Structures are given as C-alpha cells and as structure tokens.
Amino acid sequence: MKKLILSVAFLAGCFVTLLAQAPQSFKYQAVARDANGQIIKNQVVGLRLSILEGGASGTLEYQETHHPVSSDIGVFSVNVGMGTVLSGSMGSIAWGSDEHWLRVEMDASGGSTFQLMGASQLLSVPYALHAETVADNDDADADPANELQTISKTGNTVTLSNGGGSFTDAVDDADASATNELQTISKTGSTVTLSNGGGSFTDAVDDADANPTNELQTISKTGNTVTLSNGGGSFTDAVDDADANPTNELQT
C-alpha cells in the first residue's frame, strides 16, 4: 500500500459562536499527495480528526470524521467541530487548561481505513474558543439589570458601585444639598449682586430707586421738535407742516 502524504496548507480561521449557540469550529485545509508527491485530485478522501490534550500522543478529548472532495489541485477543507462525532464534545474542551494537538488520519480512497498523517500543536487561533469558558466572563444569569452601577457621593467623593471606582469632586460645599449651590441675583441702588460669593457689578443706568417704571421714557412732539422724557434728548423733524395732524404727513 502506498504511503500517503498530507501537505498542510493552513490551519486557521477560528469561528466562535457565543452564548451557547452551536456550532463551535475552526477551519482545517490541506493538500493530499501520494507517496510520490502526486496530487490526489477530484476525489473523496476520508479523514479522522482528533483533538488531544497534553501532546501529540496525549489524552483524546474529541474525535470526528469527514469525507471531503479534493479539488483539481488536491486541496480540501473541513470545519473541525462540524464532522461526524465519534467521541467527546467540542463544547466541553478546556482549551485554557493545557496545550492541545490536532491528529490527522486519512484514507485516500474515501473509506475508513485510516493512516496516520501526523499531529500538530494548536497554537493561538483555536484558543479564541476559550473566550466562552474564561473565568468571570459573565455573572451566570440572564438579568442585565444587575450589571448596572449606582453613582453616589459622600462629602466630595463620587463613587460607582460594583467596583466602578471613585474620584474626588474638587468643587464641593461639604453637604448633600444641591439647592444651596444655586445663586440669587439682587439689586440695591445701582449695585447688582449674586449670592454665595458670585460677585457684583454697578448698573450705570439707574435712577437710584427701586421703581422700574420711572426708567421708561415718553416721546412727544412740539412743532417740529421731537423730545424723549427723562433726559432722553430731542431732535428736529425736518419734514413737518406745522400742524397737529399726523395723517397729512404721509406720502403716496
């Protein structure tokens, strides 16, 4: 019987579905050649793939079979984890506990008389599957509300619950009342003041009393002189017919 040669093209492409959605798998692709290096093309080949823990001859954790068809250049591709299961479960593999190896066996005739092609250590790519089993990746319930944090303030320290950390609020009046942060505006004479140390300014236009109505001005006209009360000044209306009838001032 001829010895078969399996040329590995690549072992990559880890596809992970979280939240227990099946399937879990990663892609395996290779080129099948015979003992003379000739490509085994356009042919069904039988594969038995095993995931071993601890080394090339380690503990069998998972095993499955595939029967892909090679291309006209001998390439075949399968998704490890989606074959016919012989032993174990992909979902139960503890990827982070030890190194893991993929053992490949093949029957070039497409049957189940498998010959060992070799074993390769699985490196970083398939370990994305470990993301489902890492410690503290969830709080093991379906309640999103208990993921929320509460903000609180004691003195000038602001804190987030559930280990969210804290910081010091440099602007603080050392009490829990938000209302006394507010300021009130007031006016005495010509001085306008903000409470709680908000400062003050002088209102230059002021008649030194608390009556806002006498700030108003009245417009009047005598002859062709227009005057504003309360020292508002006056001007001469050049267009005037020297009578008290405003309608005959209009033009068409």
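Okay, let's start with the charges: Arg48, Arg103 and Glu105 are linked up in a network of salt bridges. Keep in mind that this is a predicted model.

Searching the whole structure turns up two salt bridges. In one, the side chains of arginine 48 and glutamate 105 meet, at 2.9 Å from N to O. Arginine 48 sits in strand E3, residues 46–53, and glutamate 105 in strand E7, residues 100–107, so this pair ties together parts that are 57 residues apart in sequence. Then there's arginine 103 with glutamate 105, where the closest N and O atoms are 3.9 Å apart.

Phenylalanine 26 is in strand E2, residues 25–33, while tryptophan 95 is in the loop between strand E6 and E7, so the pair links parts 69 residues apart in sequence. Both phenylalanine 26 and tryptophan 95 are buried.

Tyrosine 28 and phenylalanine 76 also have ring centres 6.4 Å apart, but with planes at 50°, so we call that pair tilted. Tyrosine 28 is in strand E2 and phenylalanine 76 in strand E5, residues 75–80, so here the parts tied together are 48 residues apart in sequence. As for accessibility, tyrosine 28 is buried at 2%, and phenylalanine 76 is buried at 1%.

Note on methods
Residues are numbered from 1 along each chain as its sequence is written. This is a predicted model: local features need pLDDT of at least 70, side-chain atom pairs count only at pLDDT 80 or more; totals for chains, interfaces and linings use all residues. Side-chain values use heavy atoms; hydrogens and water are left out. A salt bridge is a side-chain nitrogen of Lys or Arg within 4 Å of a carboxyl oxygen of Asp or Glu. Helices (H or I, at least four residues) and strands (E, at least two) are DSSP runs, numbered from the N terminus. Buried means under 20% relative accessible area, exposed over 50%, partly exposed in between (1.4 Å probe, protein chains only). Rings of Phe, Tyr and Trp (its six-membered ring) pair if their centres lie within 6.5 Å; planes under 30 degrees apart count as stacked, over 60 as edge-to-face and the rest as tilted.
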